Each structure stands twice: as structure tokens, then as C-alpha cells.
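These notebook entries record what I looked up about a ligand and its surroundings.

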Amino acid sequence: MNLIEATIVAPDAHIALVVARFNHFINKCLLSGAIDTLKRMGHIQDEHITVVWVPGAYELPLIVKVLAKTKKYDAIIALGTVIQGDTPHFEFVASATSSGLMNIMTHTDIPVSFGILTTQNIEQAIERAGTKKGNKGAEAALTALEMINILKNITVS
Ligand code: INI
């Protein structure tokens with residue numbers, strides 16, 4: 001059996017994080033959770049981390065695509081929070097963002113982590129940004145680290 005699985009330490013990796021400013025008070029917690037995980041668990045060096053702020057979740061795919069095409073990053077982490085309102089706006093923003101990001105990942109072969117909260121209300125978002133239900137930014141960072149090493153292990157095996 002040829003088994004490929006990966007650890008999460010990636011000290012040489014370069015990572016970009018793209019963060020939406022919309023719902024900034026939640027997203028800054030996702031960002032600090034992600035950076036903490038990259039450094040403490042992934043051993044990523046500070047100078048290998050790039051952070052880009054964009055207006056809202058809807059703008060994430062374009063900037064993630066441009067960053068991916070530079071080939072300077074081993075993984076990109078997209079962070080944002082889309083909260084349901086009284087109109088269908090939420091559905092359009094959430095689904096365009098998620099399918100846009102998936103498309104970029106599969107077309108560029110660069111891991112794109114989906115660190116985007118899609119919640120019914122602000123309380124659910126707070127719970128997932130470093131309180132009761134963990135930190136989605138930290139989870140997205142862990143996924144990015146594992147994906148970097150899976151790809152590395154496939155290319156060397
Ligand atoms: N952007 C978000 O990141 N989260 C939201 O909850 C949100 N809602 O609900 O409106 C949101 N809208 C802005 C959107 O991402 C774009 O920035 C805007 O439509 C301009 O393109």
C-alpha cells in the first residue's frame with residue numbers, strides 16, 4: 001500500500017491571507033486565529049506571511065486568483081463572514097464566494113482554504129471566531145498547512 005498523508009509543520013512555506021473588511025470585528029479574530037496557528041503549529045516565519053484586506057467576501061475570489069497566479073504562495077487562506085439578513089443578498093454573496101474560491105483552487109493547483117463563516121446571525125459568527133465553537137480562521141490555517149504537505153508528498157512520491 002502506498003499511503004500519502006501529511007503533517008502540518010511547513011517552515012519554508014509562504015502563505016497569503018485575504019481578509020474581508022465587511023464584518024471586520026469578527027474577521028480580525030479569524031485572522032489572528034489563523035496567524036497564531038500558522039506560526040505555532042506550522043512554524044511559518046513572520047516574513048513568509050502576507051495579509052491582504054479586501055472590501056467584502058464577494059471581492060475575495062478576484063484577489064485570491066491574482067495572488068495564486070503570482071505563484072509566490074504555497075497556500076492562500078480566504079477569511080470573511082457572511083451573515084444572513086432579511087433579503088436573499090446573503091445567498092448570492094455566500095455562493096459566489098464559495099464557488100469562486102473552489103474554481104481558483106482547482107484551476108491553479110494552489111490550496112485555497114475556505115475560512116468564511118456563513119451564519120444566520122452575529123451570535124453564531126462570534127461563537128465561531130474564537131469563542132464557544134472554536135475559530136474558523138485557525139481551522140482554515142490548519143487545512144492550508146496540511147494541504148501544502150499533501151501536495152509536497154505527492155510530488156516527491
Ligand atoms: N460582505 C460580506 O463579507 N459579508 C456580508 O455579510 C455581506 N452582506 O451580507 O451584505 C457582504 N456584502 C458585501 C459584498 O461582499 C461586496 O463587498 C459588495 O456587494 C460590493 O461588491
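Where is the place of Asp86? I worked with a predicted model, and I found Asp86 in the loop between β3 and α3.

Entry on the record. I consulted UniProt, where an unreviewed entry lists Asp86, Thr87 and Arg128 under "binding site". Of the listed residues, I found Asp86 and Thr87 in the lining of the largest pocket.

Entry on the ligand. I looked for the ligand and found that it sits in the largest pocket. The elements giving two or more residues to the shell around it are β3 (75-83) and α3 (89-108). β3 supplies the largest share, three residues.

Entry on the shell. I noted the residues around the ligand, among them Phe22, Asn23, Glu59, Ile83 and Val93. By class, I recorded six nonpolar, four polar and one charged residues.

Entry on contacts. I looked up distances between the protein and the ligand. A backbone N or O atom of Thr81 is 2.8 Å from a ligand nitrogen atom. For Tyr58, a backbone N or O atom lies 3.1 Å from a ligand oxygen atom. In His89, a side-chain N or O atom is 3.2 Å from an oxygen atom of the ligand. Lastly, I noted that the ligand has 460 Å² of accessible area on its own, of which the protein covers 75%.

Terms used:
Residues are numbered from 1 along each chain as its sequence is written. This is a predicted model: local features need pLDDT of at least 70, side-chain atom pairs count only at pLDDT 80 or more; totals for chains, interfaces and linings use all residues. Side-chain values use heavy atoms; hydrogens and water are left out. A residue is near a molecule or strand if one of its heavy atoms lies within 4 Å of it. A polar contact is a pair of N or O atoms within 3.5 Å; within protein, one must be able to donate a hydrogen and the other to accept it, and residues adjacent in sequence count only if both atoms are side-chain atoms. Accessible areas come from the Shrake-Rupley method with a 1.4 Å probe; for residues, only the protein chains shown count as cover. On a 1 Å grid over the protein atoms alone, a cavity is a set of points where a 1.4 Å probe fits but cannot get out, and a pocket is an open set with protein on both sides within 12 Å along at least five of seven lines; lining residues have an atom within 4 Å of a point. A molecule sits in a cavity or pocket if more than half of its atoms lie within 2 Å of its grid points. Helices (H or I, at least four residues) and strands (E, at least two) are DSSP runs, numbered from the N terminus. Ala, Val, Leu, Ile, Met, Phe, Trp, Tyr, Cys and Pro count as nonpolar, Asp, Glu, Lys and Arg as charged, and the others, Gly among them, as polar. UniProt positions are given in the numbering used here, feature names are shortened, and annotations may be inferred rather than shown by experiment.
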